[in-house]
Each structure stands twice: as structure tokens, then as C-alpha cells.
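Q: Hi! Could you walk me through this model? I'd like to begin with one of the helices.

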Amino acid sequence: MCETTNEREIYGLTGYPLGHSFSRRFFNERFAAEGRNAEYVNFEIEDIARLPEIVASERGLRGMNVTIPYKEAVIPYLDELDETARRIGAVNVIRFIREGERLRLKGYNSDIVGFTGSIRPLLRPGHRRALILGTGGASKAVRLGLEMLGIVPVFVSRTPRPGQLSYGELTAEVLAGHTVIVNSSPVGMHPHPEVCPDIPYGFLSPDHLLYDLIYNPEETLFMRRGREMGAVVKNGLEMLQRQALAAWDIWQLDNNDL
């Protein structure tokens, strides 16, 4: 465990925008319940280039979460990555390692732990292939997580690269062959719950599982339209909670544990 001091510990979240985030409440309620001298703060910045400024001004910082749109863009500002974050190519947890006056920032990815733990109980034998909607930082953890669960993923993008699909290519045949669909994009997130990813919902069936990484609103339009076709649906709240607990474990690592 980390050495304890009387100094107030600061943890936080950086991204833009952060009005949708529940992380601050989640952690501050945890700190209060434990009587811990700690606070979780939102660092909403429009440019990730401001990260060094935040790090320099907050001496009490012990750890930080990273959310959209900076999970990939934050990497050049870190001193090192753990192996999972390196494989995924995205970071959602930063650990602040202080050795005297020296500070190192190490990046991790706890999204994969949160995602796999959350979706695993819903999987059935017929769930062998998946569509991942969106290609941002969170989608990279989803891809690796699905592969670890024995599911073959395919990315869907508005501007697809080789090996990916466009939304216009999502035919009845494609959806019949891909019975897991994960929305890793912010489409449908508060404050715009009236929109949803542009997929042909009429081709969905009770064989489908729709998983939305969004957790605000509780039921997105993506989920509702899938549920209306008989599909199993789930939002990303449990994923958030699981990845948050994994992030906490990372922040509490002793230097000798690495």
C-alpha cells in the first residue's frame, strides 16, 4: 500500500466535456465512507496540452482517470505505460509515482477489466462475432476484451479503414452474423439522448445483445430500440464501477509491486 501522510490526497478525472460523469460522486462517497482525507476533482480541459499545467499545480495528486476524447491523446504526456495499456493503445488511468522530487506518470487501462466483467454474464454460445460502433479510445479496450472472451470483433465507423465496416454496410446478413453490438461512441449520451447510432434496428432479434458504454441516460435510445426488437440490452454503469475499483487498486500500488 502507499505510505500514508496527513496531506490531502487528490484524485481526478480529465476529459471534455465532463457534465455526464458520475465518477466524482462515486469516489467522493467512497472517501467519505472510509473517512479518508481525499477528494476527487473534475479537471475539464478543452485541450490535453493543459495536462502538465494541472500536474504542476496540484501537489496532492495521486491518480487520475482519463475519459473521452483523450484516452489516446494523453499517451505522449506519460512517462511509461503498463503492458495492457500498450497493447490496447489507450489509457484511462494515470498513476502518479513520486520518488522524492521526481514524478513519473504511468498509464494503465482498467476499461478492459470493467467491460469484460460486465458483459461476460450476458454472453451465450451463439455470441461469436461482434460489431463495435465507434473507433475511439474506449473501443480499443472493447476490442481486446471481446477477443479475450473468444468473440471476433469488427469495427464500424463513419470513415472506415481497411478491415472495418461503414454504417451503410450493415445489412440484414451482417447483423445476423454479428449478434453482439457494442456502442463505444458518445452518440446518445447526455445531453443529447434523442440520438442513437445509425444502424438498421429492424434487423435485430432476441438473439442479439446490445451493450452501450454510455450510462447517462440509464437507457439510451440505442438500448430502447434494441429492447423493442427483443434484444438483451445493458448500459455501461457496471463497467464504470468495475473500472473505477480497478483504478483505485492501481493508485494504491506500492512502487515495489511494479
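A: Happy to, and keep in mind that this is a predicted model. Let's begin with helix H1, whose buried residues pack against S1, S2, S3 and helix H8 (237–251).

Q: Which residues of H1 are buried?

A: Ser23, Phe27 and Phe31 are buried in H1. They sit on the same side of H1, because the arc they cover around the axis is only 55°.

Q: And what does the face turned away from the buried side carry?

A: That face of H1 has the exposed residues Arg25, Glu29, Ala32 and Ala33.

Q: How many residues does H1 have, and what does it reach from first C-alpha to last?

A: H1 has twelve residues and reaches 17 Å from its first C-alpha to its last, close to the 16 Å expected at 1.5 Å a residue. Gly35 follows H1 and has a positive phi, near 65°.

Q: How does S4 join to S6?

A: Through two bridges, with S4 and strand S6 (residues 102–108) running parallel. Glu80 has Lys106 in S6 as its bridge partner.

Q: What about S5, and why is it described as largely enclosed?

A: Five of the seven residues of strand S5 (residues 93–99) are buried, so S5 is largely enclosed by the rest of the structure.

Q: How many bridges are there between S5 and S6?

A: Seven, and the two strands pair in the antiparallel sense. In S6, Lys106 stands opposite Arg95. S5 and S6 form a hairpin with two residues between them, and Gly100 in the turn has a positive phi of about 65°.

Q: And between S3 and S5?

A: S3 and S5 are also antiparallel, paired over three bridges. Asn65 has Val93 in S5 as its bridge partner.

Q: Switching topic: which residues of S10 are buried?

A: Both faces of strand S10 (residues 180–183) are covered. Val180 and Val182 are buried on one side, and Ile181 and Asn183 are buried on the other.

Q: Which strands does S10 pair with?

A: One is strand S7 (residues 129–133), which pairs with S10 in the parallel sense over four bridges. Another is strand S11 (residues 209–212), which runs parallel to S10 and is joined to it by four bridges.

Q: Where is Ser184, and is it buried or exposed?

A: Ser184 is in the loop between S10 and S11. Its relative accessible area is 11%, under the 20% cut-off, so Ser184 counts as buried.

Q: What lies 3.4 Å from the side chain of Ser184?

A: The backbone oxygen of Gly134 lies 3.4 Å from a polar atom of that side chain.

Q: Which residues is Ser184 in contact with, apart from its neighbours within four places in sequence?

A: Leaving those neighbours aside, Ser184 is in contact with Ile132, Leu133, Gly134, Ala138, Ser139 and Leu213.

Note on methods:
Residues numbered from 1 in each chain as written. Predicted model: local features only at pLDDT ≥ 70, side-chain atom pairs only at ≥ 80, totals over all residues. Heavy atoms only, no water. Pairing = 2+ DSSP bridges. Buried < 20%, exposed > 50% of the residue type's maximum accessible area, 1.4 Å probe, protein only. Polar contact = N/O pair within 3.5 Å; in protein donor to acceptor, adjacent residues only side chain to side chain. Contact = heavy atoms within 4.5 Å. Expected span 1.5 Å × (residues − 1). Arc of directions from axis to C-beta.
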